[in-house]
Amino acid sequence: MALTLYVDTARWRAHQKQVLDQFPGMIPVCKGNGYGFGHERLAEEATRLGSDILAVGTTYEAASIKDLFSGDLLVLTPFRRGEEPVPLPDRVIRSVSSLDGVRALVGARVVIEVMSSMKRHGVCEQDLGQLAAAIEDVRLEGFALHLPLDRPDGSDAVEEVIQWMDRLRAARLPLHTMYVSHLRAEDLVRLQQQFPQTRFRARIGTRLWLGDHDATEYRGAVLDVTRVAKGDRFGYRQQKAASDGWLVVVAGGTSHGVGLEAPKALHGVMPRAKGVARAGLATVNRNLSPFVWAGKQRWFAEPPHMQVSILFVPSDSTEPKVGDELVAHLRHTTTQFDRLVDA
């Protein structure tokens, strides 16, 4: 009995092929928990796609993935002087976001990230003059620009890239390759037309692996079903059942990521109102679970346990049976499955 990730493999791979066709030279990203699929599976898929580079999040991820993928590995987290050294092969490329970082990586293969409107990290425009001398001591693979997802000010992502291309060119820096994130396919076409001597390579993770929501589905197996009457006490905290129904023990708990949720950016009145309503219900121990039974998302009977969750299903619903599987609406990047099944 397990929390299972079911993958419609043919559909999933057809979507990957579609993304690859839209973004020639695309660099797949495999970081964190491997977007819910795991590093080994995504390394296999990247190899199947014929990728020459796989982007990873950290040097620790590079160390674990190096035996799973034979091409180059691009570490997205920028190098910092004094960081813990991790033994890595020469096919690992380091991202660098400061002059100091470039100067410290003598002889290394590097991609230099410049400061975008994200304002997360990157070399600033005023440092470009000193960069020309610093890159003589590294093997420069290209420059990178990590762009924001949303642009509420109406600014143009392509224009931001063009501005940086002009700055780099004015500083007499080589523009053979530019690594970019969060651009549309038509954006890349515009850039390639304007800068035919530069190769633009899109680093893509979420859109590639999770872009077709119907290609994957989590399901938790029912482990036990217990009938309860209104007022019966149950669980770790011995709460009282609010009405007649069933306590349903389903595979999937906090160790799987059930009950854990990343903060969301809310836009508009309705989403904010729903957020307030959820917060109000939580104060009286009413928390909606990600598990669906008989067409409805069911309430947690109590907070999820480490490996299972206990749900309350009211008596006016169909009784679940041991061995049934409940669809679970879970976020891939925070979920750890017990098994993956290719359907």
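Two strands count as paired if DSSP finds at least two bridges between them, and strands (E, at least two residues) and helices (H or I, at least four) are DSSP runs numbered from the N terminus. The model on your screen is predicted, so local features need pLDDT of at least 70, side-chain atom pairs count only at pLDDT 80 or more, and totals for chains, interfaces and linings use all residues. Residues are numbered from 1 along each chain as its sequence is written, and side-chain values use heavy atoms, with hydrogens and water left out.

Stop 1: Colour the strands, and you will find an open sheet of eight with the order 2-9-8-7-6-5-4-3 and parallel pairing. Strand 2 (27–28) and strand 3 (53–56) are at the edges; each has a single partner strand, so one side of each lacks a neighbour in the sheet.

**Stop 2: strands 8 and 9.** Select residues 177–181 and 199–204: these are strand 8 and strand 9, parallel and joined by four bridges. Look for Thr-177, which faces Arg-199 in strand 9.

**Stop 3: Asp-67.** Go to the loop between helix 3 (59–65) and strand 4 (72–75) to find Asp-67. Is Asp-67 buried or exposed? Asp-67 counts as exposed, because its relative accessibility is 65%, and the cut-offs are under 20% for buried, over 50% for exposed and partly exposed in between (1.4 Å probe, protein chains only).
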